[in-house]
Amino acid sequence: MRVLRWAFQAVFLFLVVAFLLYIWGNLTGNFERLGIRTDFRYLRQPAGFAIPDSDFRSSQSIFQALLQGAQNTAKVAFIGILLATLLGVIAGVARLSTNWLVRRTAALYVETFRNIPVLLIIIFLWSGLLQLPAIGEGREWLGLMSVSNRGIVVPWFERTGSVAVFLAVALVALLAAAAVWVWRTRRFDRTGEPPRRLRFAGGVFLAGLIVAFFLSGQPFTISLPETGRFGTTGGFRLATEYAALLIALVLYTGSHIAEIVRGAILAVHKGQTEASNALGLSGVQRLRYVVLPQAFRVSIPPMANQYLNLTKNSSLAVAIGYYELTRITGISISQGGPAPQAIFVLMLFYLMFSLFIALVTNLLNRKLEIPGR
Amino acid sequence: MTFTGPRPKEPYQIPPGEEVEGPPVTARDPRAWAKENLFSSVLNTILTVVFGFVLAFLTYRFLRFVFVDAEWEIIQRNITNLMVFHFPREELWRVWAALFVLAASAGFGVGAAGTRRAVEIEEGRGVAPGRGMLLRRVAPLVLLVGVLLVAAGSLTATLLVLGVAATAIAFRLLGRRVPARYFRFVALGVLVGIVASYLVITAFGGVPRDDWGGLLLTAFLAVGGIVISFPIGVGLALGRRSSFPVIRLVCTLYIELIRGVPLITILFMSAFALGFFLPPGTERPSLVTRALVALVAFTAAYVAEVVRGGLQSVPRGQIEAAQALGLSPLKTTRLIVLPQALRAVIPALVGQFISLFKDTSLVFIVGLTELLAVAQSITKQPDFLAQGLFVETLLFVAFVYWAGSYWMSRESQRLEQRLGVGTR
């Protein structure tokens with residue numbers, strides 16, 4: 001029987017390997033016939049296209065372009081994950097609110113965005129943003145924000161001097177704040193007085209920042225967008241494509257996260273809520289100290305899944321022209337790069353992203369798991 | 001032999017003349033309701049006012065757009081394009097015929113499933129369904145069909161749709177009469193119905209799938225994708241839980257690699273590079289086929305994970321009992337494990353189908369004219385060019401996707417409750 005088992009597996013493995021070899025043979029045969037190289041040397045060729053909003057120049061290699069693309073993907077994924085979590089948690093909690101109107105509004109949001117393809121949301125927002133007035137006659141809100149079809153400009157910091165001193169003092173302030181935090185915690189453990197850690201530590205840090213700002217001779221100012229004839233100067237510009245992609249991904253993923261959060265809160269044992277009511281905790285306290293910490297633990301694995309989905313869905317930017325990994329790969333193929341290798345490399349990049357997110361969330365999960373369960 | 005144990009207790013009888021206090025009647029006084037649900041505290045009052053204003057404003061803008069400002073002419077004139085795109089118009093009767101076949105087999109299946117459920121509830125194996133009102137259940141679907149018919153504005157189409165609905169109801173009644181023990185043949189019959197409806201369109205001088213477009217292509221890719229990927233996914237799931245390490249490794253690798261990359265990369269691979277992997281000289285399959293291959297390869301990995309969840313939910317005792325009865329491993333899987341596992345994952349599979357339905361919009365990027373692509377292309381017609389009509393077309397497409405997905409997701413929730421998943 002044992003021999004049979006291994007013989008069966010050997011045959012299976014043989015078939016799989018034979019299939020792969022067959023495909024490989026076809027691939028090399030086709031490449032030879034068409035005169036394409038089978039290696040990855042194309043990655044070192046000059047890209048021949050520039051990437052907007054970056055330092056990338058068209059004389060740099062395709063590999064460099066892909067690295068820039070990975071950076072742009074990460075930019076969407078990271079900020080998208082933060083915002084989607086925020087929106088999702090708020091909507092998820094709101095769906096269980098005691099206020100009927102709040103509950104219904106959250107349900108409306110969730111059920112709308114969960115059931116529409118994310119690609120459609122991306123294209124819709126992008127087309128919408130492109131309809132905005134041209135840059136010369138762009139709309140301004142209180143001089144703080146400027147909105148036009150070239151993107152959204154928000155106030156940002158502008159460097160006017162050396163930041164090194166400022167950062168050094170800010171670091172000291174951060175350390176001091178941490179020390180205050182520890183002190184308040186110890187005091188709370190000893191005396192049982194309310195710790196007010198956030199208020200104390202935050203105050204110290206903020207005071208430190210202000211001191212650092214003046215001590216280092218005001219190293220930066222806030223730059224407001226100013227609209228000129230040929231565009232906006234100053235401020236920080238969110239390109240139309242980036243803004244459309246980010247908002248669409250956040251709205252879509254947020255609706256899925258809201259469902260996870262709702263499920264996780266409902267999964268917290270009813271006795272816990274009743275016990276906290278019996279202890280006289282307020283609604284906010286009940287959420288903050290009893291329900292959410294337990295719901296959070298349950299929801300880490302499905303949340304990790306949503307984070308992966310958001311990162312993978314950022315590839316849909318290819319439809320609207322934001323220069324992330326997939327679009328850069330698409331351009332390199334259309335310029336005559338070998339498609340199989342290019343897509344293979346693209347998949348490797350995404351696998352790395354996926355592995356990274358899986359690693360981080362697994363670590364978090366292990367750390368927060370209730371021991372002994 | 002005399003029974004010496006304690007006598008069973010008599011059921012408690014209410015003494016005559018005593019009033020029984022039922023559960024407290026909830027007051028349906030609207031003012032009390034509003035006080036409790038909208039203005040229970042200062043914070044709640046503020047929230048109510050703020051949300052009320054925002055919601056009222058958005059509703060007003062939305063309704064005003066839909067009923068006053070929007071120019072729906074682009075949808076009305078292109079409704080056939082949106083449904084089937086370049087499908088030859090003189091062959092449209094085939095699509096209607098396919099709809100009749102589908103309605104018949106679906107109605108038959110639903111009817112037979114109802115009979116089987118009734119038997120199960122009688123035997124105490126099933127959970128009695130909640131009082132689901134049929135009209136509320138099918139509301140999104142009816143709304144969708146209604147909107148499509150209003151957009152089409154054609155009497156023939158309306159009559160045909162009524163005919164399709166009548167066929168579904170008639171076959172549902174017919175399906176009711178099928179004894180529960182023949183249910184597996186009915187399930188097979190539904191599958192045959194789906195294949196038949198495909199053949200009605202393509203066979204005997206019909207229209208090959210490469211000429212399909214619009215909602216027809218979307219539906220074909222979604223249904224075809226799930227039907228083909230289901231057996232592959234079940235195989236992968238069994239392989240991943242197999243006791244053969246080599247098979248386990250290969251299946252796990254496949255599932256995890258596919259799940260680690262976006263669908264669009266697989267679509268790219270299939271659309272742009274599949275030709276390189278075929279033997280030299282073979283003709284490349286059409287773009288529709290290549291997109292279907294990518295969707296199947298992708299969905300199979302996800303179906304596998306869903307099914308694996310079902311396999312893990314089968315109690316270990318079931319397998320041990322089967323072994324104790326002397327069943328071979330193959331028979332244990334086929335007769336004991338799979339039926340229970342697959343039954344438990346039906347709602348999750350519906351969820352997977354919904355996601356595939358939404359994901360078919362991605363084939364637009366590799367150049368197929370499914371629903372979303374048609375919506376984008378009709379705004380470039382000379383009559384409608386550069387008028388910002390994308391809002392109308394995209395809103396319409398979003399509604400079609402929304403109605404379909406929302407309807408199916410609610411049905412899957414119902415199924416979940418009925419199957420008692422997670423409550424056993």
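Predicted model: local features only at pLDDT ≥ 70, side-chain atom pairs only at ≥ 80, totals over all residues.

**Exercise 1. State how chain A is divided into domains and how far apart the domain centres lie.**

Solution. The domain assignment places residues 44–129 + 240–368 of chain A in domain 1. Domain 2 of chain A consists of residues 164–215. The C-alpha centres of domain 1 and domain 2 of chain A are 32 Å apart.

**Exercise 2. Describe the interface of chain B and chain A.**

Solution. Begin with the residues involved: chain B contributes 54 residues to the contact, and chain A contributes 54 residues. Next, consider the area. The two chains bury about 4800 Å² between them, with 75% of it on carbon and sulfur atoms. B:Phe276, B:Phe277 and B:Lys358 provide 13% of the area that chain B buries against chain A, more than any other three residues. Then turn to the elements of chain B that give two or more residues to the side touching chain A: they are α1 (30–37), α2 (42–69), α11 (245–260), α12 (263–277), α17 (371–378) and α18 (390–419).

**Exercise 3. Which residues touch the most other members of the largest nonpolar core?**

Solution. The largest nonpolar core holds 157 residues, and B:Leu82 and B:Leu267 touch the most other members. Helix α13 of chain B (residues 287–313) supplies the largest share of this core, namely 15 residues. The contacts of B:Leu267 can then be followed: apart from residues up to four places away in sequence, they include B:Ala291, B:Ala294, B:Leu362, B:Val363 and B:Val366.

**Exercise 4. Compare the salt bridges A:Glu111 with A:Arg114, B:Glu305 with B:Arg308, and B:Arg137 with B:Glu411.**

Solution. Over all chains, the count comes to eleven salt bridges.

- In the pair A:Glu111 and A:Arg114, the closest N and O atoms are 3.8 Å apart. Because these residues are three places apart in helix α3 of chain A (residues 100–114), about one helical turn separates them. Both A:Glu111 and A:Arg114 are buried.
- In the pair B:Glu305 and B:Arg308, the closest N and O atoms are 3.0 Å apart. About one helical turn also separates these residues, because they stand three places apart in helix α13 of chain B. B:Glu305 is buried at 17% relative accessible area, while B:Arg308 is partly exposed at 21%.
- Salt bridges with shared partners also form a network, which joins A:Arg95, A:Glu111, A:Arg114, A:Glu259 and A:Arg262.
- In the pair B:Arg137 and B:Glu411, the closest N and O atoms are 3.0 Å apart. B:Arg137 lies in helix α6 (residues 134–137) and B:Glu411 in helix α18, both of chain B, so the bridge ties together parts that are 274 residues apart in sequence. B:Arg137 is partly exposed, its relative accessible area being 25%.

Note on methods:
Residues numbered from 1 in each chain as written. Chains lettered and ligands numbered in written order. Heavy atoms only, no water. Core = buried A, V, L, I, M, F, W, Y, C linked by side-chain atoms within 4.5 Å. Buried < 20%, exposed > 50% of the residue type's maximum accessible area, 1.4 Å probe, protein only. Helix = DSSP H or I, 4+ residues; strand = E, 2+ residues; numbered from the N terminus. Contact = heavy atoms within 4.5 Å. Domains from an automatic or database assignment. Buried area = accessible area lost by both parts, 1.4 Å probe. Salt bridge = Lys/Arg side-chain N within 4 Å of Asp/Glu carboxyl O.
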